[in-house]
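Subject: structure for you to look at

Hi,

Have a look at it first, then read on.

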Amino acid sequence: MTDFQIEIQLVALVVAAACALPGTFLILRQMAMMSDAISHAILPGIVVAFFLTGSLSSPLLIVGAALTGVVTVALVEVVTRTRLVKEDAAIGLVFPALFSIGVILIGRYAGDVHLDIDAVLLGELALAPFDRWTVGSMDMGPRALWVMGTVAVLNVTFLLVFYKELKLATFDAALAATLGFMPAALHYGLMTLVSVTAVAAFDAVGSILVVALMVGPPAAAHLLTDKLDRMMILGVGIGTTGAVAGYWLAHILDASIAGAMATVVGLLFGLAFLFAPHRGVIAVRRRRNRQRWSFAQKMLTIHLHQHEGLPEAEWESRIDHLQEHLQWSAAFAERVVAQSLKKALVVRTNGKLELTSTGRRLARETVVGN
């Protein structure tokens, strides 16, 4: 493994970690698309800052982008508060307008510099090691690594300092306001953090991968746990895993690094979506299947209990009658009976069913519980 390969992966790791942390709160606040909106809408802020400084390395680009991100959030909320459109529609109205302004400015005034549409949208991690930060004669490594490392430290610091307040404001904004935690200020602080993270990662990975790393890993982590601290840790772990695995996939296929990373992150989310222990598709289907058969067994015990000791009990306890009375198919009725026999809820005698003490108790508890 060459030094360049190591540096590319280090940059990808730091970007993934920096994006996953604020992305966790975007997922919990049901604002995942805000990351896409901000990552595109900050473009005019970057362009204007570039026009003012004439340098792509100026910190004013981050400042301009962060301010534009806050403006984006504010405009979305202003439109949403009119109650004429919902938040998703407001996002769809605001960010294309701002992004289009940035595209027009680039196409008209910055077509001959690196700040072009393709670079902004796609980024290129393979070029990160060539942009070095030097102090005197000392080579400090890729500039993107230091920039994203600083952003990652900023994100960690902000989340540690305001962890309790953010947690409360995310799950109960009204209570947070009552306790004086200023959820609106926390919201704009978080959105500023998202803006800073997005623009800092732009030059290295592009907006497409920024959105993938800010949404995919936390979304997968949310399927795996309900605890906020674990979700943040898992989000960082999934993001960094996707970054490294994506790099090697791109290396093998000789493809876009950012595209391969986004693909792997999508695959990791797909695995969590299918196999998460409690929220995965398979787990949910199994749980619903168990509930279906459990409900059917309860219906059987209630049916037998209602007719127990009555003259029609002999007829009502016949298996073939269950198909007519409960509108079950023959195969379904046989399976319910088989499961009930296995759990000792009923016993079968000469083609008739009788409740056991366990089945009788279950019927009573079900009726009383309802």
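Let me begin with the surface. L271, F273, L274, F275 and I282 make up a nonpolar patch there, and together they have about 460 Å² of accessible area. Patches here are built from residues with over 30% relative accessible area and no salt bridge, with nonpolar side chains (Val, Leu, Ile, Met, Phe, Trp, Tyr) joined within 5 Å and like charges within 9 Å. The areas were computed by the Shrake-Rupley method with a 1.4 Å probe, and for residues only the protein chains shown count as cover. Helix α12 gives the most to this nonpolar patch, with four residues. F275 sits in α12 and is exposed, at 54% relative accessible area. (Exposed is over 50%, buried is under 20% and partly exposed is in between, with a 1.4 Å probe and protein chains only.)

Before I go further, some ground rules: this is a predicted model, where local features need pLDDT of at least 70 and side-chain atom pairs count only at pLDDT 80 or more, while totals for chains, interfaces and linings use all residues. Residues are numbered from 1 along each chain as its sequence is written, and side-chain values use heavy atoms, with hydrogens and water left out. Helices (H or I, at least four residues) and strands (E, at least two) are DSSP runs numbered from the N terminus.

R285 belongs to helix α13, residues 281-307, and is exposed, with 62% relative accessible area.

Now the salt bridges. How many does a search of the whole structure find? It finds three, where a salt bridge is a side-chain nitrogen of Lys or Arg within 4 Å of a carboxyl oxygen of Asp or Glu.

- R81 and E77 pair up through their side chains at 3.5 Å, N to O. They are four residues apart in helix α4 (residues 60-81), so about one helical turn separates them. R81 is exposed at 65% relative accessibility, whereas E77 is buried at 18%.
- R279 pairs with D226, with the closest N and O atoms 2.1 Å apart. This pair links distant parts of the chain, 53 residues apart: R279 is in the loop between α12 (257-275) and α13, and D226 is in the loop between α10 (183-224) and α11 (228-253). R279 is partly exposed at 35%, while D226 is exposed at 60%.
- R348 and E334 meet through their side chains at 3.6 Å, N to O. R348 is in strand β3 (residues 346-349) and E334 in helix α16 (residues 330-342), so the bridge ties together parts that are 14 residues apart in sequence. Both ends are partly exposed, R348 at 41% and E334 at 39%.

On to the interior. V15, in helix α1 (residues 3-28), is buried, with 0% relative accessibility. Leaving out residues up to four places away in sequence, V15 touches M148, A201, V205 and L213, a contact being heavy atoms within 4.5 Å. For a sense of distance, the C-alpha atoms of V15 and M299 are separated by 55 Å, the two residues being 284 apart along the chain. S195, in helix α10, is also buried, at 0% relative accessible area. With neighbours within four places set aside, S195 is in contact with I38, I42, A65, A66, G69 and V70.

Last, a bit of backbone. Most residues other than glycine have a negative phi. Which way does the phi of Q30 go, positive or negative? Q30 has a positive phi of about 55 degrees, although it is not a glycine. Q30 lies in the loop between α1 and α2 (32-41) and is exposed at 71% relative accessibility. M182, another residue other than glycine, has a positive phi near 50 degrees. M182 is in the loop between α9 (173-178) and α10, and it is exposed at 59% relative accessibility.

Cheers
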